[in-house]
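Look at the model below before reading on.

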Amino acid sequence: MASTLSFPVIDMGLLGGDERPAAMELLRDACENWGFFEILNHGISKELMDEVEKMTKGHYKMVREQRFLEFASKTLKDGCDAQGVKAENLDWESTFFVRHLPESNITEIPDLDDDYRRVMKRFAAELEKLAEGLLDLLCENLGLEKGYLARAFRGSKGAPTFGTKVSSYPPCPRPDLVKGLRAHTDAGGIILLFQDDHVSGLQLLKDGEWVDVPPMRHSIVVNLGDQLEVITNGRYKSVLHRVVAQTDGNRMSIASFYNPGSDAVIFPAPALVEEEAGGTYPKFVFEDYMNLYVRHKFEDKEPRFEAFKSMERESSKRIAIA
Ligand SMILES: O=C(O)CCC(=O)C(=O)O
Ligand SMILES: [Fe+2]
């Protein structure tokens with residue numbers, strides 16, 4: 001049975017006071033052993049979060065619900081969608097994606113009203129700051145100099161890739177037939193999720209068991225992607241997670257992905273690589289990783305890392321021969 005026992009919750013308000021060492025230790029443990037944690041008092045105002053939630057839910061009702069219901073009834077009736085993709089390979093979600101960095105495309109997303117665009121831009125700016133602050137806390141725990149991770153994410157444009165996936169998981173009468181979102185690890189860096197405070201469904205795999213990520217009002221759920229696993233040389237790991245479709249309630253989820261710039265070169269931080277042990281993780285250009293990821297998202301991450309390691313071996317062999 002899924003449990004929420006001891007899911008790490010970190011009160012960021014404690015970081016400025018006497019309890020900072022204990023809060024940093026909780027964060028270290030969460031990064032090393034969970035790949036996930038939930039933060040409170042993160043500095044994003046409750047008013048802004050309430051506004052984002054109201055507008056996101058309104059937008060779904062006004063613009064997206066009808067289209068989803070058509071998909072839903074077809075999938076339930078025929079066991080596949082309009083393109084013939086079988087239910088087991090589908091996700092019970094209605095989604096749109098907004099990019100913020102290196103340049104925003106929010107004006108190009110159809111059917112968003114101006115107020116919603118403005119609020120999402122404000123929210124994204126806050127999340128960007130929060131992501132960078134969190135990366136520095138990770139640096140501190142890892143013994144890396146301040147700014148190391150944010151710099152590692154900068155490509156030639158000097159910016160990360162930062163975007164938000166806005167999703168609704170409407171009630172599903174057949175959760176046995178279609179998953180909310182199939183199990184995967186996230187490809188990128190650090191992910192900040194504003195999730196519904198009533199309708200649950202997000203689970204992560206810990207020690208072979210699915211654990212619920214508890215809904216908590218005005219919290220932000222944070223998880224680590226594959227790139228942080230590579231840069232930390234496996235000290236921190238990206239963790240499998242999924243969304244289980246619920247029979248009741250429409251789950252809102254706003255996931256913001258703070259990822260490397262597309263041409264950033266990703267490799268284990270030398271300070272975290274022990275010479276004798278040799279490198280366990282590969283070096284690659286982030287865009288190349290993403291090109292592989294999109295084709296294999298719902299599969300294990302290890303073969304993705306392995307593919308780049310064998311490319312490295314091949315090219316060093318060629319250099320040795322030449
Ligand atoms: O909606 C969620 O709670 C999680 C979404 C997610 O894992 C993803 O989009 O990668
Ligand atoms: Fe994810």
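In which loop does Asn-41 lie? Asn-41 lies in the loop between β2 (36-40) and α2 (46-78); helices (H or I, at least four residues) and strands (E, at least two) are DSSP runs, numbered from the N terminus. This is a predicted model, in which local features need pLDDT of at least 70 and side-chain atom pairs count only at pLDDT 80 or more, while totals for chains, interfaces and linings use all residues. Residues are numbered from 1 along each chain as its sequence is written, chains are lettered from A and ligands numbered from 1 in the order in which they are written, and side-chain values use heavy atoms, with hydrogens and water left out.

**Backbone geometry**

- Most residues other than glycine have a negative phi, and most peptide bonds are trans.
- Asn-41, a residue other than glycine, has a positive phi, near 50°.
- The peptide bond between Leu-101 and Pro-102 is cis, with omega about 10°.
- Pro-102 is found in the loop between β3 and α3 (114-142).

**Ligand 1**

- The residues around ligand 1 include Lys-165, Tyr-169, His-184, Asp-186, His-241, Arg-251, Ser-253 and Phe-257; a residue is near a molecule if one of its heavy atoms lies within 4 Å of it.
- On its own, ligand 1 has 290 Å² of accessible area, and the protein covers 96% of that; accessible areas come from the Shrake-Rupley method with a 1.4 Å probe.
- The elements that give two or more residues to this shell are β4 (161-169), β5 (181-184), β10 (241-243) and β11 (251-259).
- β11 supplies the largest share of the shell, three residues.
- By class, the shell has six nonpolar, three polar and three charged residues; Ala, Val, Leu, Ile, Met, Phe, Trp, Tyr, Cys and Pro count as nonpolar, Asp, Glu, Lys and Arg as charged, and the others, Gly among them, as polar.

**Largest pocket**

- On a 1 Å grid over the protein atoms alone, a pocket is an open set of points where a 1.4 Å probe fits, with protein on both sides within 12 Å along at least five of seven lines, and its lining residues have an atom within 4 Å of a point.
- Ligand 1 takes up the space of the largest pocket; a molecule sits in a pocket if more than half of its atoms lie within 2 Å of its grid points.
- The largest pocket holds about 790 Å³ of space; grid points are joined across faces, edges and corners, and a volume is the space filled by probe spheres set on the points.
- Its lining has 42 residues, and those nearest the centre are Phe-97, Gly-163, Phe-257, Asn-259 and Met-290.
- α6 gives the most to this lining, with six residues.
- The lining of the largest pocket divides into 18 nonpolar, 15 polar and nine charged residues.

**Second largest pocket**

- About 290 Å³ of space lies in the second largest pocket.
- It is lined by 16 residues, and the closest to its centre are Leu-205, Ser-238, Val-239, Leu-240 and Lys-301.
- α1 (20-33) and β7 (202-206) are the elements that give two or more residues to this lining.
- Four nonpolar, five polar and seven charged residues make up the lining of the second largest pocket.
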